[in-house]
Amino acid sequence: MHKQELAAQIWKGANEMRGKIEAGNYKDFILGLLFYKFLSENEVKYLKDNLGASKEDLAAEDVKTYLIDNLGYYIPEENLFSSMMGKDKGMNIGSLSATLSNFNLVTLENPLFSNIFRSLNAGLMSLGENDATRSQMIVKLARLIDNIPMKNAGGYDVLGFIYEYLIGQFASSAGKKAGEFYTPHEVSELMAEIVAYSLKDRERISVYDPTSGSGSLLITIGKAIEKQGKSTDSIRYFAQEIIEATYNLTRMNLVMRGIIRDNISTSNNDTLRNDWPRNTLKDEPLLVDAVVSNPPYSLKWNPDGMAADPRFQNYGLAPKSAADFAFLLHDLYHLKYDGILTIVLPHGVLFRGGEEERIRTQLLKLNQIDAVIGLPPNIFFGTGIPTIIMVLKKSREQKDVLFIDASKGFEKVTAKNKLRARDIRKAVEVWKDRKELEGFSRRVSFEEIENNGFNLNIPRYIASSEEERSDLYSLIYSGIPKKEIDTLQPFWNVFEGLKEKLFNQREDGYFVLKENAKEILENFPAIIEFKKKVHESFKALFPLLKQKLIAERQVISQSLAFESIASEILEQAEKLPLIDKYEAFELFSQHWTEITNDMEALSSQDGSEVFGEEQRQEKTDERNNPELGKEEITSYGEASFQLGAFVRTFIQERYFPTKLEELSSAERSAELAKEELKELYGEIPEDFEFDSAIDQDKEVFIPKEIKALSKAIAKDEKAGLTLSESQEFLKKVASQISAADKTRKEAKKIYEELDGETSKKQQSLTEEEFEEILTNKWIYPLVKSWERMGDDLVFKFSEKLSTLQAEHSSSFIALEEEIKKTSDELSSLLSELQADEIQSKALKALQELIKG
């Protein structure tokens with residue numbers, strides 16, 4: 001089971017147990033319990049790695065002092081998570097509450113851990129009506145997470161992943177409160193990629209989130225910087241959060257990522273009222289390389305007495321009704337002169353007047369707004385309002401503002417919208433290059449913004465690509481307007497001469513699609529050549545994929561492998577006309593999830609993956625000479641079992657095709673015999689005498705009863721007695737059951753033979769055979785999905801043409817003629833009706849109305 005499956009299983013089990021417990025309290029409890037397990041296992045590991053000691057040595061006073069000084073906390077042996085789970089009475093509310101209180105007491109002087117379990121301890125009472133029910137809940141949840149490994153064999157922090165996964169799941173079910181502690185991962189990733197690129201040349205980096213929530217934004221920044229080959233040890237994290245329970249989530253999340261304790265600085269305070277961080281030695285504000293934040297939207301605040309605050313002095317105060325610009329100015333104040341700020345804000349900050357307009361104008365005049373990125377609606381938990389990411393710098397070379405309308409690129413996941421990998425990549429690359437793409441991005445000069453009254457509303461600068469195109473002439477007379485044909489100009493440029501082949505142009509200049517358009521598309525030489533070029537272009541990536549995913553899988557980090565392959569994909573796709581390079585990237589990103597899950601599953605317990613040739617020989621020597629090594633050895637066969645059903649299917653298709661077909665045939669026969677037995681149930685005679693032989697609820701025969709009754713029938717038949725209709729039918733059923741049993745047993749026999757041969761082969765796979773399996777699972781499906789892009793594009797083009805023709809094939813004139821013809825026919829029918837004088841007068845009036 002890989003980390004995502006494990007996380008989903010934990011969430012499912014925990015959520016089923018929750019019952020009527022409020023999601024916020026439950027969240028704090030299960031995440032806190034998970035964190036306590038981490039601290040316990042981390043302490044034991046730290047003790048072993050640094051002192052060569054075990055948990056039994058925790059009672060020594062010098063060990064306790066050493067851990068507090070170097071690890072930052074201390075948990076006695078009897079209070080370790082594993083120890084509490086091993087007690088006769090197990091974990092209960094009394095023991096857990098005492099343990100948490102003891103931890104808070106021991107770490108009172110350490111700001112990173114001080115009172116980190118206070119909100120959890122206080123919330124224990126909400127887990128049930130009395131101590132007994134609370135203890136039952138605690139035990140159930142503790143057992144649920146007890147078997148989660150702190151790290152898997154490859155070193156991946158499984159606990160940390162599950163912690164973040166659960167935060168996301170709780171956010172999706174927490175309604176409006178979700179905004180207090182969670183920024184959707186895709187938004188965090190977009191912001192993080194911008195920050196990481198901007199700081200790529202710096203050896204040491206400081207990052208600050210003044211409204212940190214669960215800390216997910218800071219964590220994602222760290223991951224983005226790691227992609228550049230840097231260690232997280234080079235990053236200093238600052239986090240401030242006003243809500244204590246949420247502040248505890250920040251600290252837990254940062255600690256669980258393995259960040260050096262001295263690199264984490266946190267504060268539980270009101271960011272607007274208490275300016276932080278500060279350089280205490282010099283009593284001045286601390287400036288950082290990057291600030292990232294997702295503050296509460298349009299929060300009411302009290303700016304009284306804040307006019308002299310240096311954070312706001314040069315700009316003015318945000319209105320009482322909306323603190324959005326107050327948060328922005330606080331963030332900007334703590335930014336180094338060459339730093340970068342990304343902040344999520346409601347769309348209204350772009351155009352609202354009053355104090356906000358004055359602040360916005362000043363920011364623009366000082367050239368501090370770098371970019372405005374419009375996000376899709378309904379993307380955040382707890383609110384559906386339109387939002388933006390604003391990018392700011394204190395020092396900029398450019399004098400323009402880059403506008404990016406990323407609001408239309410998303411996928412719908414349940415009730416929320418979600419940025420796709422392609423949407424994030426596109427927005428980040430456009431920002432990097434300050435590239436202008438029609439309908440998506442545009443650089444706007446200060447002068448133009450000034451002429452617009454310093455209004456930054458995105459639609460003022462980027463026209464919608466979904467303009468309504470109406471043509472009155474086409475409505476009256478039908479025919480496709482030339483401007484509609486011209487929207488397909490990129491296709492006419494690539495497929496020269498295709499337009500003339502597909503359309504007839506009328507004397508009035510309007511176009512009609514030919515009836516054999518589909519045949520023309522299928523046989524047009526330039527289209528055939530285009531598809532071929534797409535196939536060959538992406539097939540050329542095969543050696544790179546095999547090198548990075550197969551040959552180097554043991555020595556290259558996943559993030560570096562991803563970036564290396566992604567860059568090649570985008571470069572290759574960009575050479576192809578009409579192909580959307582970000583769509584090609586999206587296909588890779590989708591496959592990457594499966595590939596990384598497999599990579600983690602392939603890791604062995606001692607941290608090594610399946611071995612390369614040299615390593616394999618070393619391990620073989622160890623098997624032959626026990627003195628060389630006594631650890632359990634991982635073979636290609638053992639590793640392949642982690643890949644699941646795919647490997648077995650591949651082996652059977654590759655090495656045992658005849659046996660596989662034999663099994664398939666036997667299973668078809670067994671299924672047919674089963675269906676024939678079902679059909680017999682519908683033929684039961686009306687006066688059937690043997691009710692004990694049928695299950696009327698399930699509408700099936702009872703084989704045991706049938707066999708017993710058929711023996712009696714056989715005796716009657718042997719004695720020369722004439723069988724009744726019911727007996728004859730029962731005899732027929734018994735025969736069919738026997739036939740079904742025979743086919744089922746035959747299929748089972750073949751299955752067991754094939755299963756045995758498959759397992760035997762799986763255990764003895766060579767390196768080349770194992771790599772062939774990985775190639776078939778990871779690379780071929782990916783390349784084929786790219787190759788289909790050309791075919792899919794032509795299909796969508798064909799659909800577009802058909803839609804155009806359908807939209808412009810009808811005309812008001814033709815419709816009018818059809819109406820007149822129908823009216824004349826109806827009038828003629830009315831004239832043939834016979835009626836008295838009064839009714840005849842009414843019919844005549846109706847005829848006149850129909851004729852108009």
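Before we start, one definition: a residue counts as buried under 20% relative accessible area, as exposed over 50%, and as partly exposed in between. With that in hand, hello everyone, and please keep in mind that what we are looking at is a predicted model.

Is S298 buried, exposed or partly exposed? Its relative accessibility is 28%, so S298 counts as partly exposed. You will find S298 in the loop that runs between strand 6 (288-293) and helix 12 (324-333). There is a backbone detail here too: S298 is not a glycine, and yet its phi is positive, about 50°.

L578 belongs to the loop between helix 23 (558-574) and helix 24 (581-601). With 23% relative accessibility, L578 counts as partly exposed.

Let me step back to the whole protein for a moment. The protein has 33 helices and 17 strands. It contains 852 residues, and 49% of them count as buried. Now take the contacts between residues at least 6 apart in sequence: 74% of these join residues at least 24 apart.

Now some helices, starting with helix 7, residues 131-146. The buried residues of helix 7 are R134, S135, M137, I138, V139, L141, A142 and I145. While you look at that list, here is a general point: an α-helix has 3.6 residues a turn, so residues three or four places apart point the same way.

Next comes helix 11, residues 244-256. Its 13 residues should span 18 Å at 1.5 Å a residue, and the distance between its end C-alpha atoms, 18 Å, agrees. Why can we call helix 11 largely enclosed by the rest of the structure? Because 12 of its 13 residues are buried. Among them are Y247, N248, R251, M252 and N253. After helix 11 comes G258, with a positive phi near 80°.

P277 sits in the loop between strand 3 (264-268) and strand 4 (278-279).

Now to a pair of helices, helix 29 (residues 703-718) and helix 30 (residues 725-763). They pack with their axes 9 Å apart, at an angle of about 125°. The two helices are therefore oblique to each other. Helix 29 passes helix 30 in a left-handed crossing. On the helix 29 side, the residues making the contact include P703, I706, L709 and I713, and on the helix 30 side they include L730, V733, A734 and I737.

One is R506, in the loop between strand 14 (503-505) and strand 15 (511-513). R506 counts as partly exposed because its relative accessibility is 26%. What does the side chain of R506 reach at 2.9 Å in S478? The backbone oxygen. The R506 side chain also makes a polar contact of 2.9 Å with the side chain of D508. If we leave aside neighbours within four places in sequence, R506 is in contact with Y473, Y477, S478, G479 and V512. G479 is 27 residues away from R506 along the chain, and their C-alpha atoms are separated by 8.4 Å.

The other is K777, in helix 31 (residues 767-807). Is K777 buried or exposed? Its relative accessibility is 9%, so K777 counts as buried. Which side chains make polar contacts with that of K777? One of them is E594, at 2.7 Å, and another is D598, at 2.8 Å. Setting aside neighbours within four places in sequence, K777 touches E594, D598, L643 and F646.

Technical notes
Residues are numbered from 1 along each chain as its sequence is written. This is a predicted model: local features need pLDDT of at least 70, side-chain atom pairs count only at pLDDT 80 or more; totals for chains, interfaces and linings use all residues. Side-chain values use heavy atoms; hydrogens and water are left out. Helices (H or I, at least four residues) and strands (E, at least two) are DSSP runs, numbered from the N terminus. Buried means under 20% relative accessible area, exposed over 50%, partly exposed in between (1.4 Å probe, protein chains only). Contact means heavy atoms within 4.5 Å. A polar contact is a pair of N or O atoms within 3.5 Å; within protein, one must be able to donate a hydrogen and the other to accept it, and residues adjacent in sequence count only if both atoms are side-chain atoms. The expected span of a helix is 1.5 Å times one less than its number of residues. Axes are lines fitted to C-alpha atoms, for helices over the stretch in contact, and angles run from 0 to 180 degrees between N-to-C directions. Angles under 35 degrees count as roughly parallel, over 145 as roughly antiparallel, 65 to 115 as roughly perpendicular and the rest as oblique. A crossing is left-handed if the near helix is turned anticlockwise from the far one by less than a right angle, and right-handed if clockwise.
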